[in-house]
Amino acid sequence: MTTRPVPKTYRVKSFGCQMNVYDGERMAEVLATRGITPAAEGEEADLVVLNTCHIREKAAEKVYSDIGRLVKAGREAGKEPLIAVAGCVAQAEGEEIMARAPAVSMVVGPQAYHRLPGLLDRAIAGERATDTDMPENGKFDDLPARRKVGPGAFLTIQEGCDKFCTYCVVPYTRGAEISRPFSDLLREAETLVEAGAKEITLLGQNVNAWTGADDAGRAIGFDGLVKALAKLPELHRIRYTTSHPNDVTEGMIAMHGEVAKLMPYLHLPVQSGSDRVLKAMNRSHTADSYLKLLEAFRAARPDIALSGDFIVGFPGETEAEFAETLALVDAVKYAAAFSFKYSPRPGTPAASMDGQIAREVMEDRLARLQDALNRDQYAFNRYSVGRECEVLVERKGKLPGQWLGKSPWLQSVFFEGNAQIGDLVCVELVEAGPNSLAGRVLEPLPA
Ligand code: SAH
Ligand code: SF4
Ligand code: F3S
């Protein structure tokens, strides 16, 4: 075994969902406890963590091309970076990665990365180390405290999935549903707010499946948690993602009319508008029950912006069934959405179903669906013109004096004026594009 130099700099590259982004931040915090610092922009790091996603084939394949690129860039810079593969590909294909990619010295799963320091020691000693355990008491208790964050912060409150949709790898890569304890979440939220977060986005594979007990020991659900967090005085905005239709409760719907800090936005994936396809997907909701939920959310919060996820070309999907998805989209009028071609995933029931759909057919359906979704998103943006709202400033725009932030409805808004990152600026939305809006500052901030 050849020993390796102790790394001084790291880079964590996260792919996939926001929970991976959260995990990536926490891995960086773990590495910082070992005195390893972030590599400067444009510099090759001594240690690279690829925090991967396994949800679709393309995402999973990416890890191998990234490893090749890292090895090449390292060679050109005269070094051999330590490479760790983390995230959902690590969990699903850890052994295969070790066999296929000799440059990788660590494989660590999404529930095991609190043990990165131990893996790192083994890698420095020249071993190739794998940890894809899903320890029963979880990783959160062993992670260091949160560090400084920007105006918007992520907070994972729930992890894992027990739903087993027939196309999906998440129940295998992330494990069973767990809810983090209320007091831990309150403490982490307080730390984030003290570090400057104005907005917290609560995360979970099925975030609204969260349950717990408050400080008095009373059982509470997701709505109870949101209401408790809303009491933090310096926290201005709360968001959450991703919620599942089957875990929606009356309390969750009602909170959208009750909690002023809760932003008027709901991401509720539906996947298909056809009940036959939904059944084959094991979604356990129908198009109609889903539409009824959206109606209830709109009744509680009339301006709520709605978003969803869609899969086209699930095995056996007919043209008529796809047309039902288009009809559902027409009925809802989404403000934003994510849509994907079905990707067969190893080990999932759908991968071996009859009626796999040809790529060209999927591409054609995806293009038609995205036309409809883009049309509705643009319409929602145009409809927003004239609204007065707060924008949370996230960064400088491209032009001098220009700033970029998010509206309550999660739209990107540009405006010119005097501002700083983290400000909540009152604007009137004056012009709409397909993907962003222009705002005019209503109350100029003091110079
Ligand atoms: N738990 C969330 C979704 C998490 S995965 C929910 O069920 O609502 C994010 C999205 O990826 C899914 O909503 C789905 O649209 C998409 N997805 C998951 N598996 C997929 C697959 N095998 N092929 C294509 N898209 C997939
Ligand atoms: Fe995957 Fe379904 Fe679980 Fe969402 S609910 S993570 S799509 S299995
Ligand atoms: Fe991808 Fe894992 Fe998230 S598969 S979408 S990174 S839960």
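Trainee: Into which domains is the protein chain divided?
Mentor: The model considered here is a predicted one. Its domain assignment starts with domain 1 (9–131) and continues with domain 2 (145–252). The remaining parts of the assignment are domain 3 (264–384) and domain 4 (388–441).

Trainee: How many residues does domain 3 bring to its contact with domain 2?
Mentor: The centres of domain 2 and domain 3, taken over C-alpha atoms, are separated by 25 Å. The contact takes 18 residues from domain 2. From domain 3, the number of residues is 24.

Trainee: Which three residues supply 43% of the area that domain 2 buries against domain 3?
Mentor: Between domain 2 and domain 3 an area of about 1,600 Å² is buried, and carbon and sulfur atoms give 60% of this area. On the side of domain 2, three residues supply more than any other three. They are Thr166, Tyr167 and Pro245.

Trainee: How many salt bridges are found across the interface of domain 2 and domain 3?
Mentor: Side chains of opposite charge can pair when their charged atoms come close. The structure holds 40 salt bridges. Across the interface of domain 2 and domain 3, however, the number found is 0.

Trainee: How many residues apart in sequence are the parts that Arg115 and Asp133 tie together?
Mentor: The side chains of Arg115 and Asp133 form a salt bridge, with 3.4 Å from N to O. Arg115 belongs to the loop between strand 5 (104–108) and helix 4 (116–124), and Asp133 to the loop between strand 6 (129–131) and strand 7 (152–156), so the parts tied together are apart in sequence by 18 residues.

Trainee: How many residues of the shell around ligand 2 are charged?
Mentor: Among the residues that surround ligand 2 are Cys161, Cys165, Cys168, Lys163 and Arg283. The shell contains 7 nonpolar and 2 polar residues. Its charged residues number 2.

Trainee: How far apart are the end C-alpha atoms of residues 147–379?
Mentor: In an unreviewed UniProt entry, the annotation "domain: Radical SAM core" covers residues 147–379. Over this stretch the chain is 39% helix and 18% strand. The distance between the end C-alpha atoms is 39 Å.

Methods: Residues are numbered from 1 along each chain as its sequence is written. Chains are lettered from A and ligands numbered from 1 in the order in which they are written. This is a predicted model: local features need pLDDT of at least 70, side-chain atom pairs count only at pLDDT 80 or more; totals for chains, interfaces and linings use all residues. Side-chain values use heavy atoms; hydrogens and water are left out. A residue is near a molecule or strand if one of its heavy atoms lies within 4 Å of it. Ala, Val, Leu, Ile, Met, Phe, Trp, Tyr, Cys and Pro count as nonpolar, Asp, Glu, Lys and Arg as charged, and the others, Gly among them, as polar. UniProt positions are given in the numbering used here, feature names are shortened, and annotations may be inferred rather than shown by experiment. Helices (H or I, at least four residues) and strands (E, at least two) are DSSP runs, numbered from the N terminus. Domain bounds come from an automatic or database domain assignment. Contact means heavy atoms within 4.5 Å. Buried area is the accessible area (1.4 Å probe) that two parts lose on being put together, summed over both. A salt bridge is a side-chain nitrogen of Lys or Arg within 4 Å of a carboxyl oxygen of Asp or Glu.
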